Amino acid sequence: MESRLKPGFNGVSGASDSRRGYMGGAPAVGSKPPVDCCSVALRVFILAATLVAAVLMGVDRQTSIVQVTIADTLPPLQVPVTAKWSYASAFVYFVVANAMACVFSAVSLAACRSRSAVVPLMIGDLVVLALLFSAVGAAAEFGILGERGNSHVRWGKVCHVYNKFCERAMAAVIVSLIAAFTNLVHLMLAILDIHKNSYY
């Protein structure tokens, strides 16, 4: 009787096929899988975007003259005050998270031809995705606080004084957000590709 079992149903060929799509097509036995150009392009874009975001925030600094009134009978003092990214823990976390995402993207590009790196790369992509979105959220919240202030706790606005500082920080947040969504798209495409090539 002719067997009607689908290829891979017994787990022999399906195991290799189910892992083929993350960084390329199905490899021959004993050979490295071919590189998926779309996946490589997305990883290169993530690497460049996270690098740009980390550098933009890491060099963000501005010194402005602030008037300080000591007494009503005395003229206000002109005091130079510096705003720097390292003064805010949210911005420090943002720089560290984007730097880690950039390093991981470089490592993943170097390991894209290794079949044994499929699962570690997917786990790393999930961790990087969580890092980027959490860092963007933290930095954006701190930026909104600087832009609008908080009347409930009497925190005043600062972006009207440090406008260039806030503009560079917002640019870094936008670039990092684009990198986070690109990473999400890349991970979704990889999961769909593995599911499409799986016989289970």
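**Exercise 1. Find where Ser108 sits in this predicted model, and decide whether Ser108 counts as buried or exposed.**

Start with the secondary structure: Ser108 belongs to helix α3. Next, check the relative accessibility, which comes out at 0%. The cut-off for buried is under 20%, so Ser108 counts as buried. Finally, skip the neighbours within four places in sequence, and you'll find Ser108 touching Arg43 and Leu121.

**Exercise 2. Work out how α3 and α5 are oriented to each other, and which residues meet.**

Take the axes of α3 (residues 89–110) and α5 (residues 163–196): they come within 12 Å and cross at roughly 40°. That makes the two helices oblique to each other, and the crossing is left-handed. Now for the residues: α3 brings Phe91, Phe94 and Asn98, while α5 brings Phe165, Ala169, Ala172, Val173 and Ser176. Sort the residues of this contact and you get 6 nonpolar, 2 polar and no charged.

**Exercise 3. Classify the ring pairs Phe91–Phe165 and Phe133–Phe181.**

The structure has 3 aromatic pairs in total. For Phe91 and Phe165, the ring centres are 6.1 Å apart and the planes sit at 55°, so call this pair tilted. It ties α3 to α5, joining parts 74 residues apart in sequence. Both partners are buried: Phe91 at 2% and Phe165 at 8%.

For Phe133 and Phe181, the centres are 5.3 Å apart with planes at 90°, so this one is edge-to-face. Phe133 is in α4 and Phe181 in α5, 48 residues apart. Here Phe133 is partly exposed at 30%, and Phe181 is partly exposed at 44%.

Conventions
Residues are numbered from 1 along each chain as its sequence is written. This is a predicted model: local features need pLDDT of at least 70, side-chain atom pairs count only at pLDDT 80 or more; totals for chains, interfaces and linings use all residues. Side-chain values use heavy atoms; hydrogens and water are left out. Axes are lines fitted to C-alpha atoms, for helices over the stretch in contact, and angles run from 0 to 180 degrees between N-to-C directions. Helices (H or I, at least four residues) and strands (E, at least two) are DSSP runs, numbered from the N terminus. Angles under 35 degrees count as roughly parallel, over 145 as roughly antiparallel, 65 to 115 as roughly perpendicular and the rest as oblique. A crossing is left-handed if the near helix is turned anticlockwise from the far one by less than a right angle, and right-handed if clockwise. Contact means heavy atoms within 4.5 Å. Ala, Val, Leu, Ile, Met, Phe, Trp, Tyr, Cys and Pro count as nonpolar, Asp, Glu, Lys and Arg as charged, and the others, Gly among them, as polar. Buried means under 20% relative accessible area, exposed over 50%, partly exposed in between (1.4 Å probe, protein chains only). Rings of Phe, Tyr and Trp (its six-membered ring) pair if their centres lie within 6.5 Å; planes under 30 degrees apart count as stacked, over 60 as edge-to-face and the rest as tilted.
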